[in-house]
Structure formats: C-alpha cells, structure tokens
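Please read the report below alongside the sequence and the model, and look up each residue as it is named.

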Amino acid sequence: MMDVWSAEPVLASAAVVGEGPVWDADDRCLYWVDIERGEVHRFDPLAGRDTVVITLDRQVGAVGLRETGGLVLAVREGFATWEPGEPEVTVLASPLGSNSLCRMNDGACDAAGRFWAGSMALQEDVLGAGSLYRLEPDGSVVEVLAGVSLSNGIAWSPDGRTMYHVDTSAGTLSAYSFDVLTGALGPARVLIGFEGRDGYPDGVAVDGEGCIWVAFWLGSRVSRYSPDGELLGIVEVPTPLVTSCAFAGPTLDDLYITTAARDLDPPATGAGDLYVARPGVSGSQPHRFRG
C-alpha cells in the first residue's frame, strides 16, 4: 500500500518561484530562494520568521553552504559567493556570460565540496540549450553535460556512488554512476521517464534509506521513489506548482517544500508558500562548498 502524507503551510511567503531549500544545521535555519525576485531567504523554524538576507539585480537559481561560512550561489550568468552582512555577491565565474539566452537554475554540493548547477533557456520551450556545470573549490568551472533542456534537481545516493539529475522539459530523472574523487559521471540511465504525466519533475532530495523525493511542477505533490524507480508514497501539497524539497530540522526528519505562484491565473491560495511534511524518515546533512 502506498504511503500518503499531507504538507502543512509554515510560511506565507507568496514567492514567484520559491526554490532550492537547504538546511544549515549550524545556524538552525533553512535557506531558500525566490528565483524571479533574485532573493535569498533565511527561514527560522523555531521563531517562524523569514528574512530576506540579500536581493540581487539578477535571477538566483540555487544556494549552497560554504565551509568557511556564507553561501555559494548559482546566479543568472554563473557562480557567486556571499558573506553574511555583505550587500553584494562576489562573482566567481560566468560560464554563460551576461548576454546569454540561458540562465543558471538548480544546484547542490557533492561530498568533495564541489558545487553543481545547471542551466536552462530563458524561453522554456527551447530544448537542448542548457548544460550541467561543476564549480571546483579553486573557482574553475567544468561543463559536464551539454544538450540539457531544463536542468533541475541534483542529489546523491547516501553512499555517494550515484548522482541523480532532473531534466524537467525532457521529463526525466536520470541516474549516473559517480566518482567522488574526480567528479566524473558514468553513462546516463533514465531511472524514471515521466512524459508529462500529472506534472513535471523539478527539485529532488534523497533520504537516509536511499529513496528519492521528487517535487512536481503542476503536480501538487512530492513523490517518493525507491532507488529502482518504484513509486512508494506521495506528499500532497495544496497548491499546484511544487518546486523542490529538502530534509531539515534538528533530526533531519522535516521535509520542507518550496512552491511557486508564477503563471497562476487566477492566483491560488497558498501558492508560493513554504510547506513542511513529516513522513517518518530522515535525510542527511547537505555537503558544503570548499571554495
């Protein structure tokens, strides 16, 4: 029998496109972004308060934690870092350039402290224009995959030997064998092909049992899959544009879920808000960027 859980609202944020939640255990807060507004948010679950820590003059697709403090970001043209209290970011690399017809999107850090993020066309119906990039701790950038349509969620299995990557426009969740020492990927294996059924795959998280949690744009849910791709459960979210999820909290058993309000006409109650579910499993601490 498939498990079903319900997500409850915790923050009426009304984000245009909320995305990229990541838990900071040191500060006991959840960072997340509003892509279209160029905002990085810091949510304090105990206080129930949310603060915009920085507003950029460009889109911001994802954030990651840094070992030295602060954040690493995927901004429109590439990669940047931010120090607490600073009003601006420091751009590290601009693989897309300022005049690109693409922008950076979702990202995550691997166990070796590299930050991965992919790109997508600004016109989302343009296929194959994106790439997946790897930011090394020394600031160099490697294009790992080309011909991606809408690069989205990135996550790793608990043993670090498999990397998962979503291409939203293609409707695929792919699995790659992963070499943590070099960052090299093996051949792609499409773990699940969704083909637009009941929504489009977006952000992902992996729990301690190795199961993959996939958020669905136009799907009103986060679904849990086994490492073999079997559907095991669904978190029902009371708004259609579900973008991403992350395990958080003191014991990493709170599943926080970001959503979006963009393109909804008429606007939907709860769209763009932050939600939480408690499915009875835990995740792991996110890795930190070593640059």
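S220 counts as partly exposed because its relative accessibility is 29%, where buried means under 20% relative accessible area, exposed over 50%, and partly exposed in between, with a 1.4 Å probe and protein chains only. S220 lies in the loop between strand 21 and strand 22 (221–225), strands being DSSP runs of E with at least two residues, numbered from the N terminus. Its phi is near 55 degrees, a positive value in a residue other than glycine. Most residues other than glycine have a negative phi, and most peptide bonds are trans.

This is a predicted model, in which local features need pLDDT of at least 70 and side-chain atom pairs count only at pLDDT 80 or more, while totals for chains, interfaces and linings use all residues. Residues are numbered from 1 along each chain as its sequence is written, and side-chain values use heavy atoms, with hydrogens and water left out.

The loop between strand 25 (254–259) and strand 26 (274–277) holds P266, and D263 is found in the loop between these strands too. D263 is not a glycine, yet it has a positive phi of about 70 degrees, and with a relative accessibility of 63% it counts as exposed. The peptide bond that joins D265 and P266 is cis, with omega about 5 degrees.

Turning to the whole chain, the protein has zero helices and 26 strands. Its radius of gyration is 17 Å, close to the 19 Å that the globule rule gives for 291 residues, so the protein is as compact as a globular protein of that length; this radius is taken over C-alpha atoms, and the rule is 2.2 Å times the number of residues to the power 0.38. Of the 291 residues, 57% are buried.

Five strands form an open sheet with mixed pairing, in the order 1-23-22-21-20, where two strands pair if DSSP finds at least two bridges between them. Strand 1 (3–6) and strand 20 stand at the edges with a single partner strand each, so one side of each is left without a neighbour in the sheet. Strand 20 pairs with strand 21 (residues 212–217) in the antiparallel sense over five bridges, and P201 stands opposite F216 in strand 21. Elsewhere, strand 13 (residues 130–135) and strand 14 (residues 141–148) pair in the antiparallel sense over six bridges, with V148 in strand 14 as the bridge partner of G130.

Two pockets can be set side by side. On a 1 Å grid over the protein atoms alone, a pocket is an open set of points where a 1.4 Å probe fits, with protein on both sides within 12 Å along at least five of seven lines, and lining residues have an atom within 4 Å of a point. A volume is the space filled by probe spheres set on the points, which are joined across faces, edges and corners.

| Largest pocket | about 670 Å³ | 35 residues | A108, I154, A155, P286 and H287 |

Strand 11 and strand 20 each supply at least two residues of the lining of the second largest pocket.

Methods:
Helices (H or I, at least four residues) and strands (E, at least two) are DSSP runs, numbered from the N terminus.
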